[in-house]
Amino acid sequence: MAFWTDVGPTDADPKRGFRWQISFDALGGEGQSIIWFAKKVSKPNFTMTESKHSFLNHNYYWPGRVEWQEISLTLVDPVSPNAVANTNKIIAGMGYRLPSAQMTDLDMSSMSKGKSQGALGVVTISQLDANGKPIEVWTLKQAWLKSVKFGELSYEDDNLVEIELGMRYDWATCEIDGEEGSPYYSTAG
């Protein structure tokens with residue numbers, strides 16, 4: 001018997017790295033927020049700071065604060081929907097304006113955290129089972145785009161053009177089907 005079937009349902013596969021989806025609910029209407037052209041995403045992660053106290057020949061450590069780390073998302077740039085155009089809409093929604101020789105009072109707005117969060121909406125990363133059912137759903141809280149790389153072009157390369165996004169968030173929750181013991185557990189709703 002395989003190790004993942006020793007406990008629990010015997011038809012349950014282990015989590016697979018290719019069964020997932022990411023969505024930004026501000027990118028479309030119902031059912032349109034899933035980014036089907038996403039190629040790769042890093043799951044949320046954190047580090048714990050520490051405090052050190054030295055006494056005589058010994059060092060003692062205490063846990064400090066949780067610092068959630070930036071995640072990266074790689075997209076393929078299809079013609080339709082145009083990932084560059086959607087990314088530019090997000091950046092404009094964050095409040096960024098290109099400089100203009102004819103600046104008016106209306107052009108004097110700038111970026112803000114609230115606008116940045118609104119441009120993405122709720123960001124979720126869902127791991128799926130073999131039937132397409134979410135078994136682990138990460139929700140990034142107060143997420144915004146931190147970096148964008150629009151890809152590289154080369155006459156020596158026949159790969160698809162990719163866009164890399166860096167996303168910052170304040171914290172993340174994780175809903176795991178039936179496991180309230182998870183330290184990141186959050187009830188739906």
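## Backbone in the loops

Q142 is partly exposed, at 33% relative accessible area (buried is under 20%, exposed over 50%, partly exposed in between; 1.4 Å probe, protein chains only). Its phi is positive, about 60 degrees, although Q142 is not a glycine. Q142 sits in the loop between β7 (134-141) and β8 (144-149). Strands are DSSP runs of E, at least two residues, and helices are runs of H or I, at least four, numbered from the N terminus.

L56 also has a positive phi, near 55 degrees, and is not a glycine. Its loop joins β3 (46-55) and β4 (58-68). L56 counts as exposed, at 74% relative accessibility. The peptide bond from S80 to P81 is cis, with omega near -5 degrees. P81 lies in the loop between β5 (71-76) and α1 (83-93).

## Nonpolar core

The largest nonpolar core has 28 residues (buried Ala, Val, Leu, Ile, Met, Phe, Trp, Tyr and Cys joined through side-chain atoms within 4.5 Å). I22, F24 and M167 have the most contacts inside it. Beyond neighbours within four places in sequence, the contacts of I22 include S33, I34, L73 and V123 (heavy atoms within 4.5 Å).

## Basis of the model

The model is predicted: local features need pLDDT of at least 70, side-chain atom pairs count only at pLDDT 80 or more, and totals for chains, interfaces and linings use all residues. Residues are numbered from 1 along each chain as its sequence is written, and side-chain values use heavy atoms, with hydrogens and water left out.
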